[in-house]
Structure formats: C-alpha cells, structure tokens
Amino acid sequence: MLSDPNNLTVTPPPAEPAPGSFAADQALGGVSDRDATRQARAQSVGQRPGTLTVREGSLPPRLFLISYDDTFFQETEYTSYDELLDFFRAHPELRHWIDVRGYNDLALMERLMQDFNLHPLQMEDVLGDYQRAKVELFDDNRLFLVSRMTDFTPLLEIDDDQLSIFTGPNYVISFQDDYDDCLDSVRSRIRSGFSKIKQKPVLYLAYALTDVVLDHYYPTMAAIGDYIETLEERIFNGRSDRRVLNRILHIKKDIVRFRRLVYPEREKIAEILRMHDEVIPEDIKLYFKDCYDHAIQAMDLAESYRESVSSLVDLYLSDQSNRMNEVMKVLTIISSIFIPLSFVVGLYGMNFQREAPDGTINHLNMPELYEPWGYPALLALLALIVTGQLIYFYRKGWLTNGR
Amino acid sequence: MLSDPNNLTVTPPPAEPAPGSFAADQALGGVSDRDATRQARAQSVGQRPGTLTVREGSLPPRLFLISYDDTFFQETEYTSYDELLDFFRAHPELRHWIDVRGYNDLALMERLMQDFNLHPLQMEDVLGDYQRAKVELFDDNRLFLVSRMTDFTPLLEIDDDQLSIFTGPNYVISFQDDYDDCLDSVRSRIRSGFSKIKQKPVLYLAYALTDVVLDHYYPTMAAIGDYIETLEERIFNGRSDRRVLNRILHIKKDIVRFRRLVYPEREKIAEILRMHDEVIPEDIKLYFKDCYDHAIQAMDLAESYRESVSSLVDLYLSDQSNRMNEVMKVLTIISSIFIPLSFVVGLYGMNFQREAPDGTINHLNMPELYEPWGYPALLALLALIVTGQLIYFYRKGWLTNGR
Amino acid sequence: MLSDPNNLTVTPPPAEPAPGSFAADQALGGVSDRDATRQARAQSVGQRPGTLTVREGSLPPRLFLISYDDTFFQETEYTSYDELLDFFRAHPELRHWIDVRGYNDLALMERLMQDFNLHPLQMEDVLGDYQRAKVELFDDNRLFLVSRMTDFTPLLEIDDDQLSIFTGPNYVISFQDDYDDCLDSVRSRIRSGFSKIKQKPVLYLAYALTDVVLDHYYPTMAAIGDYIETLEERIFNGRSDRRVLNRILHIKKDIVRFRRLVYPEREKIAEILRMHDEVIPEDIKLYFKDCYDHAIQAMDLAESYRESVSSLVDLYLSDQSNRMNEVMKVLTIISSIFIPLSFVVGLYGMNFQREAPDGTINHLNMPELYEPWGYPALLALLALIVTGQLIYFYRKGWLTNGR
Amino acid sequence: MLSDPNNLTVTPPPAEPAPGSFAADQALGGVSDRDATRQARAQSVGQRPGTLTVREGSLPPRLFLISYDDTFFQETEYTSYDELLDFFRAHPELRHWIDVRGYNDLALMERLMQDFNLHPLQMEDVLGDYQRAKVELFDDNRLFLVSRMTDFTPLLEIDDDQLSIFTGPNYVISFQDDYDDCLDSVRSRIRSGFSKIKQKPVLYLAYALTDVVLDHYYPTMAAIGDYIETLEERIFNGRSDRRVLNRILHIKKDIVRFRRLVYPEREKIAEILRMHDEVIPEDIKLYFKDCYDHAIQAMDLAESYRESVSSLVDLYLSDQSNRMNEVMKVLTIISSIFIPLSFVVGLYGMNFQREAPDGTINHLNMPELYEPWGYPALLALLALIVTGQLIYFYRKGWLTNGR
Amino acid sequence: MLSDPNNLTVTPPPAEPAPGSFAADQALGGVSDRDATRQARAQSVGQRPGTLTVREGSLPPRLFLISYDDTFFQETEYTSYDELLDFFRAHPELRHWIDVRGYNDLALMERLMQDFNLHPLQMEDVLGDYQRAKVELFDDNRLFLVSRMTDFTPLLEIDDDQLSIFTGPNYVISFQDDYDDCLDSVRSRIRSGFSKIKQKPVLYLAYALTDVVLDHYYPTMAAIGDYIETLEERIFNGRSDRRVLNRILHIKKDIVRFRRLVYPEREKIAEILRMHDEVIPEDIKLYFKDCYDHAIQAMDLAESYRESVSSLVDLYLSDQSNRMNEVMKVLTIISSIFIPLSFVVGLYGMNFQREAPDGTINHLNMPELYEPWGYPALLALLALIVTGQLIYFYRKGWLTNGR
C-alpha cells in the first residue's frame, strides 16, 4: 500500500550542454520576453474568481507525507489521499509536512481545500499560471506563502516554478507542479534527525522551505555571472559578432526577469517581519531576518550583473566601432599609397610625344622619358612617396594593430 | 415594449488585419503621442466645473437592467427610463445592475444624477473626455469607480474606453460610451446562475466589473508581446528598414501609454484596500486584494516589455551599424585589391622607351617589357598580390558574412 | 471717476506665425535654458528679506473690483485705490474679488499689504521675480496661493506669468503683472450669474482661479504635441537637417520646463487637500480634488511628450546614420564597379609588345590584342563584371532605396 | 590697540579673464573630479575623533566683533582675543556677532571652544577639510549650522568655502577660513541701522547669514548658464572641436557638484523647519521657509542646466556625425564622378590595334579611334556622365551645404 | 607563555606596482563582476541555518586581548584561549577588547559563542562568506555590528574584508579573517593613553572601530580618483586604445561595488541612531552621528566619481569617433586630389591618333598633344586643380589637426 520512502528515486536530469557553450545556439530565444508573453496570454484566458481550474498540462498529483517530532520520523508516499488523511488525523501530536506535487486532479485539490480549510482565492493562486512571491495571513494566524524556485537552463533561460505553502497549527502543506525540486536538502535535514527543524514548531519548517528557495537563487546568479564572463572573453578575443549582442541582450532580459522574481521575495519577507509576534514568534523572526539579508544580497548581485551587462553593451558597441575604424584604416592606407602612385605612372603614360608628326622635336614634352636615368629616378620617386606615407601612417599609429 | 434580452445581438467586429501584419502600414501612426495631444486638446476646451456637458460624438444611450437575487434573474433593455425606474423602485429586495451605454442625452444623464444622488463633479468625470482610473468615496459609504478598458487595434494603437461605476445599497450603475464592451463575461456569469455574484452583495458585482477590466489588460499585453517578437524576427532576418524603427518606437509609446493606464488602476485598488471595513467588508477586500496582484503583474509585464523594446532599439541600431560595416568592407576589399593592381599595370603603360629617338637603347627602361617571360611573370605577380590580400582579408574575417 | 466695466477692452494679441511654422526660425532660442539663466540672474540681485521692491519693467497697476453675492453683481475698474477701499469697506455683506494687475507702484503695494494684513515675506513673493507654485497658510485660516499661468509662444517658448492670490473672510485679492490673462472665463462666469461662484463662499472663487490656470496648461500641451507631430513629419519626409535636432532639443527643454511648473502645482493642491477641514471645508476640498486629478493628468501628458521627444531624438539619429549609410552605398557601388574595370583596361594599356625591338615576336605578350575577337570579348567581359556586381548589390538590397 | 573698523580694506580680487573666454584654456581642469579626489585624500589623513587639528595652509585668524542692539552699533577688529572677550562679557545686554576668519591658531580655537561651550566634535567639523551643509542642535537649544559658500572661478571651477555658525543666547559665532567672503551685505545691513536684524533676536542674524549664502548660489548658476550659452553658440557656429566636449563635460561636472552642495542645504533648512517651536520661534521659521523656497529653486535651476548640458552633448555628437557625413559626401561625389571617367579614358588607352603586326586590319578594334568625330563624341560622353551625376547628387541634396 | 605584545611584528605588504601604472595589465580583470560571481557561488553552497561552518581557506585564529581602564593598560597575544578567559573573568572591573583574527578553528569559535552568549545565526554571519554591513540588537541591549574594510589593490580591484563586532557590558569581541588590518590606529590610540577610548564605556570602542573602517574608505576613493585622472590624461594625450575603455568600465564596476559597500554602512549607522537611548546613550550617539556624516560624504564621493567615469566613457567614444573622422579626412583629401588628376592624365593616354592608319590627319584628336606649350600647360592645369582643392579643404578646416 505504501511505497517505500527509501526508494524515492529522483530521476537525475538528462545531460545537457553547459550554459556557456555556444552549441545551444539554435534554440536560443531572442530579446523579446516570451515568458512574459506566455504569461500574459495565460492570464488572459479569464479565470473566474473563486472557481478552481487546473492549468493545462499539469502533472497528476503525488502525495508525500513527512511526519516527525523531536524523536519520531516517518516519510511516506501515499497513493491514496484518504490513507494520508487518516494517518494525519490519527497523529495530532506529530508535526506533518504534506507535500503535494502535481495539480492535475481537481477533485483532490478541492478536498484538500476543504479538509485543511484553505481559502478558494488562495487555492486559485496555487493552481493558477503565475503568482508573484507573496505572503498572506488567513484564519487569523495561518500563513499562505508563495515562493518562486528558479533554474538557469542551458538555453540561458531562467526557468521558474511556483512553491505554495500553507501553514497550520501542526502541519505545513506545500504545493508544486513538478516532481523534482530544490527542497531535497530540507528533506534530508529532517531525515538526518539532527536538524533544528525537528525541535522547532512547524513555522520553522515553513521558514526552512522559504530559505532553501532563496538559497537556490545563488547558483542561478553564479551561472549568469559565468556566462557574462564567457561573453566578455569572446568580445576581447575579437570573436564578437551580432550573435554576441543578441546573447548580451538575452542575459540582460534574464537579469531583469530575475529582479522581478526576487524583488517580491524581499517584500514578502519584509511583510513577515512586520507581522505581529503572536503570528510569528520573535525567535522565528530572527531566522526570517536572515532570509531578508539573503534576499537583499540577491538583489545586490542582480544589480551588479546588470551593471556588468550594460558595460558589455558599451564594450560591444565600441568594439563594433573599432572594427569599422580598422576597415577604414586599411582602405585609407592602401588608397592613399596607390592612388597617387597611379597618378604618377599615368602621367608618363600620356601621349605627349617628343617628335611631332612633322618631325619637329619638342623638348618640353617629358624629357625624363628620354634620359637614361629617367626610369630609375621615377622608381626612386615612387619608393620615396610610399616611404613617406608609411612613415606618416606609422606616426599616426595606424599601422599598429592596437588602436 | 421591452426588447428580448435573449436577442441582444452583439455585432461582431469586422474582420481586421492581424496586428502583426505589415499590411496595415499606411494608417500606422508615428512616434508622437497623438492620443495625448487629442486628450490635451479635449481637456483644453474648458469645462466649467459642475456643469454637465456631453462629449461630442458620443452615442445615444441604451439602458439595460439586470436584476437578480440568489434565485431570481431578469435582464432587460429598456427604451424608456421611466419604466426602468419603476421596476427598480418596485423591487428594493432585488439587486440591480443599471448598465448605461452611450451618453448622448443630457436630460437623461441629469435625471440619473438626481434619481441616484450622484455628485455633479463625479458625473462630469463620467461624461468628460478622459479620466484616469480612480476611486472616490461619496455619501459616506458609496463608491465611485473609474476603470479604463483597453484594446489593441490592428493599427498597433491602444484604444481605451472609460467604465464608470457608482455603487448604491442594492444597485450598481455603470456608464460607458460604447455598445460593445468587455463585460459580457460578467453578464453571462450572472445569467448562468452559478456565479458567486448572485450570492454576494452588490459590492461583489462592482469588484467583478473592476476585475474583468483588469483581466482584459492581458490580451492587450499578449498582443504587444507578439508584435515585439515579429519585429525582432524582422531584424534578425535582415529585413529591418527604417519603418521597423518607427514601429519599435510606436510600440514603445504604446507600452508607456499602457503603464499610464495601469498605474492608476493599481493606486485605485490600493486605496480601496485602505478603506474602512465598514465601507468595504473584509471578505470583499480579499477579492480586491486578488485584483491588486493582477494590477501589479500587469505593471510587471509592461516593465518587461519596456526592457524588451529598449533591447530592440539597441539591436536595431547595432544592425544599422553592422550594415554600414558590411558596406565599408566591400568597398575596402575591392579597392584594396584593384587599386594596387591598377598601379602596376599603369607602370607598364608608361612611355619609357627602350629605344630613344636617336636610336640609342636604354637598357634600364623596363627591361621586363622585352623579356619573353615578362608578361606571364607580371600576371603571376598580380595573381600573387590578389591572393595575398585575400588571405589577409580572410584572416581578418572580412570575407565571411558573419561579422 | 469710474471707468465703465463693460468697456473693458481686452486688446487682442497681434497676429503671430503659427507655432508649427518654420518661419519663426531666426528668433528661435537654443537648447540652453535662457529662462533659467535669466531667473538665476534676477534672483542674484540679492533682495533683502522683508524689504519690498518692485521688479524692474513691471507695469503700472490697474485695480479692478468685482463684488457679488447670490443676487448682486458689480464690476468696476477703479483709478483710485481709496475709492475701491471705501466701497469694499462699505459692503462687508458682499463677496469681493480685488484684481490687481501691474506692480509698478510700491506705495500702493505697501498700502494693500497693510490694509489687508498680508505678510511682508509673502508680498515679496508676489512682487519678486519668480516663485514656484505654492500654498501657505497665514493668519491661521487665510490662504496665500501662487500659480503659474503658461502660454506657448510662436517662438516655441513657454511663457509663464505668476498669479498670486490671498484669501480673506469675504474677499480674494489677486496679483499679476499683466493686463491680459487667462482668467476671463472666470469673470464671465460670475458676470453670467448662473455660476456656482455666486452661491459659494470666496474660497470657491480661489478654487475657480486655481482651476482655470490649470486648465490653461492643456492648450500649451496641445501646442507642444502638435509641434512634435510637425517635427516627426519633417524627419519622415527626409527633410531633417540639423535645425530639426535643435528644435527637438528645444521642445524637450520646454517640456522639462513645463514639468518644473506643473509639479509644484500638484504639490500645492495636495497640500491644500491635507489642510484641516476648518480651513477648507470638505465640499470645497471636493473641487480641489478635481484640480488634483487635472494636475496629475497634466503631469502624465508631459511625461508622454517627453517619451515622444526622446523617440524623436532616436529617430533623428537613426536617420542621420541611414543617410551616411546611403552615401557609403553610392560610393561603394560606383567604386566597386569601376575600379576593377579600370584595372582590366589598364592591363591592356601596358606596353608589352609582341614585337621586340629586335624583331622577335613574343607570342606570350597579350595575344588577345592581336585576335580579331579580342576587343569584343573584352567588352563582353567588362559587361559581365558589371552585371555580376549589379546582381550582387541587388541581392544585398543596396540598389533599392528602402534600406 | 583696536584697528579702525572703517578702515577694513577688502582687497579687490585681481582682474581675471571672463569665465566665458577661451583664453583660460591651459589651466582648465578635465572631467575627473579633482576636488572630490582632493577631498577624499584630505579626509583620509585620519583625524582622531575629538582631537582638534587645524587644516594645513589655513590662514592666521582675524577676530571681528559686531555688537548691536536696537539703537547701538559697534564694529571692531580685535588683535587680542582677551580684549574681545572682555568687551563681550561686559555687555550681556547687547547682541554680538563674533566673526572669526582664519583657523591657524589651535590654542585660540580651543579657547573659543571652551569659552563658548562648543562641542569638540562640532569644532572638528569647523576646522576639518570638508563638511556638508548641516544643522545640529546642541545644549538643548543652540544651533550649529554649516553652510557652503560658492564661487564660480574663471577656470570654470566651483570654488566652495565653509561657513560654520554657532548660536548662543545673545551671540552668534561664525568661522571661515577666508578673509573675504559673501557676508558683506549682511554687515552693511546691520551697519545701516534700518535692517530687521537689529530688531530681531540673534537667530534672525543666523538666518540672515544662511540666506545670504543661499543667495550667492544664483550668480554661480547664472555664470554657468552664460557659459552653457557660449558653448552652444560655438557648436552652432561650427567651431566645435574636442575641447568643446571637454568643456561641456567639465560644466556638467560642475553642475553635479553644485547639486551636491545645494541638496544638503535644502535638507538642513527642512530640518530647521521641523525643529520644535521652542528652539526656533514660529516667526523666525517663516523666514527660514523663504530660504527653503530659495534652496528648492536653486535645485530646480541646477536640474534645468543639467538637462541643457545633456542636450549639448547630444548636439555635439550629432554635429560630429554631421561632419563625418560631410567628409563622406565630398569623397563620394568626387570618386563617383572621376572613377567612371577614368575607366572610360583607360578604355581608349588599351593597345588593341587596328593594324595587327602582320598588317591585317581588325575593324572591330575600337573603330571610334579612327573616326573624325570620335574624340569630340567621347568628350561629349564624359560631359554627359558628369552632368548626370551632378543632377543625381543635387536631387539627393548632397551638393547643398545644409544637410 | 605569553608572547610579548611589543613584539607584534606586522609584516609589511610586499612592494606592489602603483595602481596607476599600466604595468599591472596582464592580471587586470574585465568588466564582468567576478567578485559578485564568486560571492554568488560561495553563497550557493547552501549553509544550513544555525550550523556553524568555517569558510574554506580561512586562517588559524590568533587571539589578542587588550584590557584597559582609565589608568590601566595591557595588550597580550594569547596562545591559549583558556588563559585569555581566565584573565578576562578575573578582571570584571576592566574593559576588554578580545580581538580574534582568523576563523579556522571551529571548536574555538563554538566556545567563544557559548562563553560570550553569541547568537548562532549571528555567528554564522561572522564566519560566512559575505555579509553586508549591518547592525543587530541581541540580548536586549547588546550590539552585533558588521563592517566591511576596503582596500584598493594594484590590480584596480576593491578588496574587502569583514569586521564583525559584538559588544558586551564591559567588553567588545571583534572577528576578522586577516592578521593585518586597518585597526592599528585604534590600538595605538588606546596604547598612547590619551585617547577618549580609555575614559568612555566600551560602546565608544565599538564606535571607534566602526569609524576607523569608514575612514579607510577615503584612501580607496582617493586611489580611484587618481586612477580616473590617469585615464583621462591618456585619452587627452591621444593614447586611448581599447584597453582604456576596458579600464574605464573596470573602474566603473569598482565604483558601483564601492557604493554597494557604503550604502548599507550608512543604513547601519542610521539604524544605530534610531536605537533607544538606553541601548546607546545620547553622548555616544553624537559620535555615531559624526560617522553618519562620513558615510554620506563617502556616498557623495562615489556619486561624484560615477559621474566622472560616465563622462570618461563619453570622451572615449567621442575620441573614437574623432579618430574615424580623421581617417576619413585623410582618405578623402588624397582621393579627391589624385583621382581627378588620374583622370586627366588618363585622358591624354588615349590612343586617339592624329594620323589615321591611312595617313589622313584628324586635327580634332587632342591637338594639345602636338603643341609646344601642351605639356607645360597640362602640368599647370594639374597644379591648379591641386591648389584649388587644397584651398577648399583648408577652408573646411580639414587640413588643421584640431577638428
């Protein structure tokens, strides 16, 4: 009846090209924010307030229950909601984490809503398409928390999933539409038995879940930072083409998107910190204060990267301009040297003839042509012109690559 | 006397070219904000405060009355205001939605104002040219709500109409100057009988109307997002010309305009949430809080698109610069190859003759001309020059298209 | 003794070139904010606080008195201040608007200050060079209001004059240094007898004056909007030269200046709305709230235009760049076609002679020269080169004008 | 013993080149903010809090005492601090302004600190290198005011000196490290005997000193405004070279610096206005409110100039681009005309000979060469080509200077 | 047992190239914010809240104890923590500064935490990777202060280390992961015996430590300012190449980073100033207020430099554009002069022969060729063309270097 919790095999994600590799190019999105468009289109379907609907393409739900107190621990995947509920109700002395993954069972969702007295509007936020991070108080002292879990895909997109958490007197219910998540570290901390989670009230578990999501912002940021470095190197190695600008703007879009994700996270925690001590005791607040520092530092990092990206755009444009300059210099040097030379040799190609048809000799007509030293002297003159110009261009620094 | 409410034929809008199509080009406005100018000009006509006037070109009013309670439902279009009023007054136990479409009857407007005790200044806002979204409290606990309903036209304009709502103890009066609107989903929800609207006080109806307007912002945003993608593809396919910049700036203007529309909407709802619980009960506020989330998300989307558009401008300018670069490279490659060649062949076109008129032979004068291998060697030299330059340009990457 | 108020001839302003016309060009100011400099210089003269001085070049004062109550109305221009005062004091039961136009009589100004108990510092603000819009409370419940009346001159300047208003229990004193103003609509509303002004306390008159100034911002904005459209059309018709940039930046300066004018106006009204109900009764506040909406909408319009202007700058710069592109393309096409051709014909101009001076024939030396098909074949080759290049350029789209 | 106050000879500053003149060029600083660097370096010397040290290079102190009441007035420069103190202590019924110019006497500074009960930290601010404008309350109701006096030097630098003021029950002590200052107008107002300063408490003197410093911001601003106009004219007269950009950026730096100076001034006065009425009586606050308006207007002016300067940068860059355009057009016109001509004449320079060495005549070989009309026809053809191109360029508007 | 405190040898840092030198170029980082990335990566390791871990690569701890009161002073480095604790506990009448340098001993860190009752979360902040400056109150009236000490390395990086301070009733514990620091000036002030530190409570020591860190921001700023000047000079001397842009952007990144460091410092001190007087007495607050001024001035300086850097970017880009202009001018001048000349000489190279093969003479065919004055006249013509063009270019100002 019960699956063995020790058998919970979390399928590893398939090997993917590293985000820095330019191999993933074909599938790379552009600068337009397609996520935003998708989101706008999804929102526009027009949910009626207070009517539960499940987002298309969501997964069939899996139910996990982690029950623990200072000494006890049990982790189970239930295939039947009723059994879960029975166990939950039979053990009011334990603390429980009901971990729902996948939404695609409207009836189940509605039962959860009723059994745990969740507000329909909040349940809509859970099942809906997109909800900014937020916290809401309901039933006087219960919390409804929405967090957004991020991931940086090899296609340079920020992928974000929603984690919704309801707290109760001795339980936490979490909802997400994904079987794999970033909460495993919390699970293993409870499992390990040494964690504070086991000693503290369930609010601490809510905090731990919130915190672990925030912690997962840093690898996303680090991946973005690495990619910015890759782009910078490309520009410096003179391999910047227009795809590089595209990527720069793409990363800029990601950073903007990331800020849009983190900013409400900070707001959320600030609101938690402002809540009455009866809702959130002072000692739990201390932990959330730590969260707050993390959220601010994530914002700082995003700002930092934003500056870097805007510097990259400056570099790219200046590089583009430099390259134009280089092209112009080649043209100018070659034209400036050879056009005058062409004139000189053209001069001696004219048909001013010393001997007029009537036999008279016109000594003014290019006497050089008839002197033994004429041709060598001319060649010397041409060499002189070339040398003079080369010296001029060298002095201007146009012959060295650096400028 | 009464038209059959089931016969309410809503004329479908004529088939229009898709917003993405470039066919609509002739009529496309520019970057200057003509709506703003029109608005400024309209405002400048100088309404005297407290004097009702009807905007030129507004439609003759049509009066609809939806009356309902938990069980009852009736939807009627009245041709006579008196009959409407009679029915309304005869049924104080019902909840009513008086839906006025079209303003062009000053006498009727003044009667409505007096019968429902509306404030002249607010009535002016209803009939005037442009009013930002706002909420005002009057008669201690009645609400006056202004919303702006948006539409994205095939000409890439954001078209916005005003919806003004007054609440009363058991009724809601809505005003708009358009027969077709985006409120049909609310009507059909009441009609269907299952909606919460029928169980909740009229304030919930006011909320539903406000919410449906907000929900209609998303398709507008999605249309803008689609169009941004179209423009991006055009630039990437190398088909960007100056009209593309015009469109980008046009869309940017639209987004700015959209933000101007949504921002007061958010303010409005925030003000509603700050109102006293006696005016708006806590449970209705919960629904408005949901609205607030939607307004913030619409703002977020607008910000997102704004970033995308500014990236598009960067892309466009860089593309323009790239193209100049390409032109210069063609010029430079061809000039650099052929100008030196021309010099060489010019050299051998000079009239330095081996045999002076007096018959003496000057062996210094271009001996190559007289050698059997002279001409082939020269051709070989020319070929060498060309090859050398091509290698140089290839190494610089100027021969490949990508840079 | 009294001039006939019905004879008040308001001299119409002289016919001026339309703001959109480029005829006014000579006198057009530049991008530097000369008004600001003038203002800075004026302020720097160093008024001693509390010492009344009259701005140089101000007009000799004219005194108007409009006295009214619900039924009575009288409008008079007084040439003697004493007579005005006598009438004013003799009729405490009436409401009065003392309308002072022109400051150039220090003695009169000081008498006004004393008779109506105005504060010296405020009187300085009245007579001084420039005062932002503001409101101050004095004598516990009297208001001192400064508004700035704008005008858009044919030279594309925003001209602004100051209107200072003091309220009293049954009177309003207004000061301005101009005989013609934008307050005529208020005057005629009082004259007409139907206006609310006659029924409401004098505070309503103060409101009406404030509002009419705000209303006059819209024609200014509309004129700016029209001019932006003119500029945009010029750029699109390819008639943009550097004067266009100058005008764009000029208009931008005007808009910035306009925002500097409107922003304190909004602040002023917000401060009025925050005042205690005993100073400004709730029902008058409702009217000021309407003003507030207008001020915000004027700010919105200014923001809108600012965006338009910044888009215009983008358009202009891109246009400039486009034109450079076009020049380069002409150069490149012509050079690319003819420079290779020149090389080919130069080749056949070389003096490699088939017949060496010693009579031996070198068959390697350009045999084409001696073949009957040589010359036509060469011409065909040249034509081929040209055709090939034209096809290449056509494919690149360089021959069509559009790019 | 006492120097005669009527003999106070204020040495006039040496004749300097006008700020607008480009003669001062050599000494002109660049865009880097050397003042800031100097300030940073000075601060980094590491003063120990609470230890008085005197800034290197400060002047030996001169002590002035102005004592006055409604009727009495005496102005003296003391060479001995003890005598000053004796007089001051002997006349508690008078109001005193102790005016200390120059810091370079640590012992004297410490005596002043002890005799007038000044706080060591504040005294450090007085003697230190740089202190933003601020106000601090000490001893419950005494004020410590720091103002910054500005000057616009001929080298386009904003020179600022610090004025520190301590108030006491019947005295004001001012410190500055300069013998000449901008406070003379206050002194002469006291001297003249008509000023309000003589009738009001010493706080009014503190106000007057603060105000006169603020008033001196306007000439600085006006000088900057004048200089912006000079630069604009230079660009318009086509005399803009790279030095002009340098100056524009220099002025921009000055304006930024000016804002940094004025902003805390505004903050300072706002804080004064928020102080308790017992510290600053309501009627003195009214005067400070006037100051506040001035500070805001100075900020407004600075913003205004900032916009102007950024427009100047746009103008300059567009001018630079225009000039490049012009260069390109000359190149293109000349190349486009003569390169094809060169080809044509090259064509007829080829050695396709009618008469082959074997005497056969090839009639296909350039028959024009042998026709009587050949040469004139060719010249006509060349003229035609030239004319055609000139028409083309004229139509493009490239021959007129304007574009 | 005890090392001699007088023997504390602080190893001087190795001689480093001056920050301004371009010798350090190889190691110079780019515009991407690698510190931020490193920080993000470090944070992402996922510390479990409440579990102490020591950052990899941290130093083995050294323990210093400075004990003092008004008269007593002792400074010791302890090798055994127990001895330190014994001395500390044996002298509750003294004030103590426990100065811990290096974290690499988890057991010791945990003992410190328990013995001095430090909060685990705060201890985590101490040992963690990066913590913004902040202040937290714990145990009701104890302070936990985090400061960031900056250094400007020769590689133009801002190096920052964390200083964490806990206060207690009669002690201060400071933690840092570096043996050398910027606190020596505080130590020597205590040693010297004259400092206020010895007379004031330990909070004053906490202030002194905070202040000395702030004071060390100024040399960092001054170094940045110097480097900006170096860069500016390079651009003006025409030695700007792309490395210069890289450095400009690098410095910009540093300034942004600096602001990120200083901003929370200001927040921290503002929060201290807002704390209750029982936690921080009024007279200590006065000193912190001084700190606050310093923090604001550091922010001001950073803003100032930011403006300078953005001006540098403008200068650089304009310089780049100028150089392109110069290249184009050389090309245009040489081409414009020689291309027409080439045409003319090509003209006389044509084979229009006076004497047709049949012996008839065609007098229209370039009669100049057969005139005695022909060749000199042609040379004169060529000279004329050159002169004319040179005059034209001179008038345009293209021959002078300045434009």
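Student: What makes up the area buried between chain A and chain B?
Tutor: Buried area is the accessible area (1.4 Å probe) that two parts lose on being put together, summed over both, and between chain A and chain B the value is about 6200 Å², of which carbon and sulfur atoms give 58%. This is a predicted model, in which local features need pLDDT of at least 70 and side-chain atom pairs count only at pLDDT 80 or more, while totals for chains, interfaces and linings use all residues. Residues are numbered from 1 along each chain as its sequence is written, chains are lettered from A and ligands numbered from 1 in the order in which they are written, and side-chain values use heavy atoms, with hydrogens and water left out.

Student: How many residues of each chain take part in the contact?
Tutor: With contact meaning heavy atoms within 4.5 Å, chain A contributes 71 residues and chain B contributes 71 residues.

Student: Why is the pair Arg132(A) and Asp300(B) called a salt bridge?
Tutor: The term requires a side-chain nitrogen of Lys or Arg within 4 Å of a carboxyl oxygen of Asp or Glu; the N to O distance between the side chains of Arg132(A) and Asp300(B) is 2.8 Å, so the pair qualifies. The count between chain A and chain B is 5 salt bridges, and a network of salt bridges links Asp125(A), Lys134(A), Glu136(A), Lys289(B) and Asp293(B).

Student: Which elements of chain A supply at least two residues of the side that touches chain B?
Tutor: Taking helices (H or I, at least four residues) and strands (E, at least two) as DSSP runs numbered from the N terminus, they are helix H1 (34-43), helix H4 (120-127), strand E4 (134-138), helix H8 (242-274), helix H9 (282-347) and helix H10 (374-396). The largest share of that side of chain A, 19 residues, comes from H9(A).

Student: Why are Arg257(B) and Asp160(B) both called buried?
Tutor: Buried means under 20% relative accessible area, exposed over 50%, and partly exposed in between (1.4 Å probe, protein chains only); Arg257(B) has 5% and Asp160(B) has 12%, so both residues fall under the limit. Their side chains meet in a salt bridge at 2.6 Å, N to O, and the pair links distant parts of the chain, 97 residues apart, with Arg257(B) in helix H8 and Asp160(B) in strand E6 of chain B. In chain E, the side chains of Arg257(E) and Asp160(E) meet in a salt bridge of 2.6 Å, and both residues are buried.
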